[in-house]
Amino acid sequence: MKKDLEKIKKSALSAIDMVATPNALQDVRVQFLGRKGELTRLLKGLKDLDGEKRKAVGQAANFVKEEIEAALSARESALEKARFDAIAKEEWIDVTAPGSSCETGSVHLVTQTINKIVDIFASIGFSRVAAPEVEWDYYAFEALNMPKEHPARDDWETFFIDEGVSKKYGKQVLTPHTSNAQVRILEEHDVPLKVVNIGRVYRRQADASHVPMFHQVEGFCVGDNITIADLKGTVEYFLHSFFGQDRKIRYRPYDFRFTEPSFEIDIDCDVCSGTGDNCRVCKAGWVELAGAGLTHPHVLKAGGVDPDKYSAFAFGFGVERIAMMKGVSIPDMRMLYQNDLRFLKQF
Ligand code: PHE
């Protein structure tokens with residue numbers, strides 16, 4: 001009996017030593033200590049032995065059982081540790097490292113500017129309308145008192161589209177200004193009216209203060225007896241609400257075919273603080289923000305409105321310029337559209 005015990009112990013311990021997985025270890029446990037296991041069978045045979053012998057063999061068998069159990073659990077821990085070591089080698093986790101946070105998106109500076117502009121005009125009763133970005137020559141030029149051969153049309157450096165010419169409306173263009181909305185608005189709405197049209201416009205240009213796609217906000221107000229005083233009052237209310245009371249504004253006479261008289265409106269440059277020194281953005285300390293004027297009678301007529309009954313003013317501000325002139329120090333307009341997150345995150 002003792003010899004059998006010794007044999008069982010030896011083969012159990014060496015089997016335990018050789019297993020490489022928890023499942024194999026479980027099999028070894030069943031093989032020796034399970035209900036039909038080798039040691040269990042031997043213990044069952046004890047009842048056939050007489051008193052003293054049964055006690056001695058019983059005791060020895062229990063020692064062997066304990067030894068096997070200890071070896072099993074030691075091996076189990078070793079296997080578990082080996083498994084963790086292998087995982088740790090592959091995917092090392094430093095639980096004390098600070099967590100990585102998700103990037104938060106933000107609204108583009110130009111969109112922020114548009115939202116502010118819309119709010120200011122809404123507060124003085126201007127509602128928002130929209131006009132096509134791909135437009136007929138008719139609404140972009142012709143109906144605005146700019147006949148085909150007129151040299152003023154060269155100023156707009158327009159992107160024409162070769163396909164789909166209309167007999168009635170001419171070529172299609174990527175609209176070069178938001179003034180294309182004017183005659184459309186008159187065709188679609190009753191007068192008097194006060195509206196803003198904010199949209200994308202396209203011109204062949206690119207330098208520190210021009211990009212080929214930019215945004216304009218077109219204001220259009222039609223009513224009885226609209227005068228330059230109304231235009232100035234509206235423009236200055238807007239500019240002072242947006243930029244604060246202390247910014248300088250000036251009007252320069254200009255020539256637009258669709259307004260008479262016409263102006264360009266400048267603001268003191270925020271990039272060089274109005275000094276003009278080595279500034280790539282402004283001209284001698286001033287930045288042109290808008291064109292404006294009293295609507296030409298031909299434009300009202302083209303929209304079916306009697307110029308003897310109604311008068312109107314219109315203005316067109318460049319949104320990117322407005323954004324650049326308010327405390328952001330952007331020395332080149334093209335930076336707005338390079339989609340560099342390091343730049344955009346600042347706003
Ligand atoms: N459409 C003109 C431009 O793009 C600006 C303008 C708008 C001028 C309305 C007069 C009236 O430069």
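This is a predicted model: local features need pLDDT of at least 70, side-chain atom pairs count only at pLDDT 80 or more; totals for chains, interfaces and linings use all residues.

Mentor: A residue counts as buried when its relative accessible area is under 20%, as exposed when that area is over 50%, and as partly exposed in between. The buried residues are Ala181, Gln182, Val183, Arg184, Ile185 and Leu186.

As for the setting, the chain is divided into domain 1 (2-90) and domain 2 (109-344), and the centres of these two domains, taken over C-alpha atoms, are separated by 91 Å.

The charged contacts come next, and the structure holds 16 salt bridges. One of them pairs Asp85 with Lys81, where the closest N and O atoms are 3.1 Å apart. Both residues belong to helix H4 (residues 51-90), and their spacing of 4 residues is about one turn of the helix. Asp85 is partly exposed, with a relative accessible area of 40%, whereas Lys81, at 53%, counts as exposed.

Another salt bridge brings together the side chains of Lys345 and Glu103, at 3.3 Å from N to O. This pair links distant parts of the chain, 242 residues apart, since Lys345 lies in the segment after helix H11 (341-344) and Glu103 in the loop between H4 and helix H5 (109-123). Both Lys345 and Glu103 are exposed.

A further salt bridge joins the side chains of Glu133 and Arg200, at 3.4 Å from N to O. Glu133 is in the loop between strand S1 (127-129) and strand S2 (134-136), while Arg200 is in strand S5 (residues 193-202), so the pair ties together parts that are 67 residues apart in sequence. Glu133 is partly exposed, with a relative accessible area of 29%, and Arg200 is likewise partly exposed, with a value of 40%. Salt bridges that share partners also join Arg250, Arg252, Glu264 and Asp266 into one network.

Finally, there is a patch of negative charge on the surface, where Asp154, Asp155, Glu157, Asp255 and Glu260 gather. Asp154 is found in the loop between helix H6 (137-140) and strand S3 (159-166), and with a relative accessible area of 60% Asp154 is exposed.

Key: Residues are numbered from 1 along each chain as its sequence is written. Side-chain values use heavy atoms; hydrogens and water are left out. Patches are made of residues with over 30% relative accessible area and no salt bridge: like charges are joined within 9 Å, nonpolar side chains (Val, Leu, Ile, Met, Phe, Trp, Tyr) within 5 Å. Accessible areas come from the Shrake-Rupley method with a 1.4 Å probe; for residues, only the protein chains shown count as cover. A salt bridge is a side-chain nitrogen of Lys or Arg within 4 Å of a carboxyl oxygen of Asp or Glu. Lys and Arg count as positive and Asp and Glu as negative; His and the chain ends are not counted. The place of a charge is taken as NZ of Lys, CZ of Arg, CG of Asp or CD of Glu. Helices (H or I, at least four residues) and strands (E, at least two) are DSSP runs, numbered from the N terminus. Buried means under 20% relative accessible area, exposed over 50%, partly exposed in between (1.4 Å probe, protein chains only). Domain bounds come from an automatic or database domain assignment.
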